Amino acid sequence: MRTQVYRIRLTSLFIRRKENIFVNVYVMMIITLLAVIAAFFVAVMAVDCNRFVIRNYSCRVEKLKKSGRIILLSDLHNKSFGVKNEKLLSAVRRLSPDMILIAGDMYTAEKNGDTDTAAELVCALAKDYPVYYGNGNHEQKTNAETEKFGDMYRRFSEKIEKAGVRHLVNEKVYLPAFNMDIYGAEIGWDYYGKFQHGTMETSYLDRLIGKPDNARATVLIAHNPKYFEVYAGWGAGLVVSGHVHGGLMRLPFLGGVISPALKLFPKYDGGVFHEGKSTLVLGRGLGTHTLPVRIFNPGEVVVIDIVC
């Protein structure tokens with residue numbers, strides 16, 4: 001009897017030990033799998049944060065006098081691709097644009113921060129091409145909060161304007177060869193708030209930059225794409241934007257994951273969108289700030305072939 005009980009106890013102990021070994025192996029497999037997945041995403045992020053791709057779009061613009069090629073840049077955030085951004089400059093030269101449009105945030109609003117990287121790139125571009133620069137929220141912030149940022153914005157603006165860049169802050173420039181007005185809109189700071197769900201009226205843009213000339217093609221540089229429907233209703237034929245950084249991480253079928261306003265899966269994350277007769281070309285930017293994250297979401301140099 002005692003021998004039988006002893007055997008039962010041994011068998012039970014063996015089974016428990018076997019179960020524990022199985023559980024431990026299972027846990028180790030899960031931990032290993034998670035570590036491999038994490039390492040994979042870190043590797044993708046390291047690659048995507050340090051490369052850019054060329055995106056090509058074709059866009060028909062009403063009232064345009066002749067076709068041309070635009071390169072759209074945005075959201076550099078002081079990133080440098082090679083010494084003095086030579087890789088980026090070489091890519092632009094190979095694409096032979098007629099003009100460069102910049103949709104803001106080329107530097108980051110940081111106290112005692114760097115603007116030289118952005119200024120050097122923009123000035124180098126201006127040696128070879130007409131450059132039209134619209135502000136993003138980082139330029140806007142450094143201009144508004146001089147107690148914190150000093151004369152950072154003024155020095156940057158003066159430097160690029162001295163190089164021949166048209167810095168469009170709620171103003172426009174007319175290009176007779178294309179019969180095209182290019183506007184740069186700097187919308188109010190309230191329109192950039194986190195969890196911001198406010199509305200914008202077309203009358204606001206009328207007050208900010210005036211009414212568009214219906215006899216001319218109209219291009220609007222507007223950093224924040226969230227209000228594209230309003231830009232279209234105002235009369236923009238082509239809108240170029242940035243700001244969203246492609247949603248930081250891109251998922252198949254779902255697109256960008258999160259916007260700077262902390263909205264999950266934003267409607268406007270990158271690419272081309274249409275509203276009536278208006279087209280939005282939204283660049284995914286080139287750099288990062290605060291959260292240095294780009295996953296399946298490399299930087300972009302955007303080529304827009306405008307067609308009359």
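Buried here means under 20% relative accessible area, exposed means over 50%, and partly exposed is in between (1.4 Å probe, protein chains only). The model is predicted, and local features need pLDDT of at least 70, side-chain atom pairs count only at pLDDT 80 or more, and totals for chains, interfaces and linings use all residues. Residues are numbered from 1 along each chain as its sequence is written, and side-chain values use heavy atoms, with hydrogens and water left out.

View 1. Cys-59 is buried, with a relative accessible area of 4%. Cys-49 is buried too, at a relative accessible area of 15%. How many disulfides does the structure hold? The structure holds zero, where a disulfide is a pair of cysteine sulfur atoms within 2.5 Å.

View 2. Helices (H or I, at least four residues) and strands (E, at least two) are DSSP runs, numbered from the N terminus. From strand β3 (residues 99-102), Met-99 and Leu-101 point one way and Ile-100 and Ile-102 the other way, and all are buried. In a regular strand the side chains alternate between the two faces of the sheet. Two strands pair if DSSP finds at least two bridges between them. Strand β2 (residues 68-73) pairs with β3 in the parallel sense over four bridges, and Ile-70 stands opposite Met-99 in β3. To get from β2 to β3, the chain passes through helix α2 (residues 86-95), in a β-α-β crossover that is right-handed. Right-handed means that, with the strands pointing away from the viewer, the path from the first strand over the helix to the second runs clockwise. β3 is also joined to strand β4 (residues 131-134) by three bridges, and these strands run parallel. Here Ile-100 stands opposite Val-131 in β4. The crossover from β3 to β4 goes through helix α3 (residues 116-126) and is right-handed.

View 3. Three bridges link β9 to strand β8 (residues 217-222), and the two run parallel. Leu-220 stands opposite Val-239 in β9. Helix α8 (residues 228-234) carries the chain from β8 to β9, and this β-α-β crossover is right-handed. With strand β13 (residues 278-282), β9 pairs in the parallel sense over four bridges. Ser-241 stands opposite Leu-282 in β13.

View 4. Leu-282 lies in strand β13. Is Leu-282 buried or exposed? At 0% relative accessibility, Leu-282 counts as buried. The C-alpha atoms of Leu-282 and Gly-242 are separated by 5.6 Å, although the two residues are 40 apart along the chain.

**View 5. Two histidines with positive phi.** Which loop holds His-77? His-77 lies in the loop between β2 and α2. Its phi is positive, about 50°, although His-77 is not a glycine. His-77 is buried, with a relative accessible area of 5%. His-243, also not a glycine, has a positive phi of about 75°. His-243 sits in the loop between β9 and β10 (250-251), and at 10% relative accessibility His-243 counts as buried.

**View 6. The largest pocket.** On a 1 Å grid over the protein atoms alone, a pocket is an open set of points where a 1.4 Å probe fits, with protein on both sides within 12 Å along at least five of seven lines; lining residues have an atom within 4 Å of a point. Grid points are joined across faces, edges and corners, and a volume is the space filled by probe spheres set on the points. The largest pocket holds about 940 Å³ of space. Its lining has 36 residues, of which His-243, Ser-259, Pro-260, Ala-261 and Leu-262 lie nearest the centre. The elements giving two or more residues to this lining are α4 (137-144) and α8, and α4 gives the most, with three residues. By class, the lining has 17 nonpolar, twelve polar and seven charged residues. Ala, Val, Leu, Ile, Met, Phe, Trp, Tyr, Cys and Pro count as nonpolar, Asp, Glu, Lys and Arg as charged, and the others, Gly among them, as polar.
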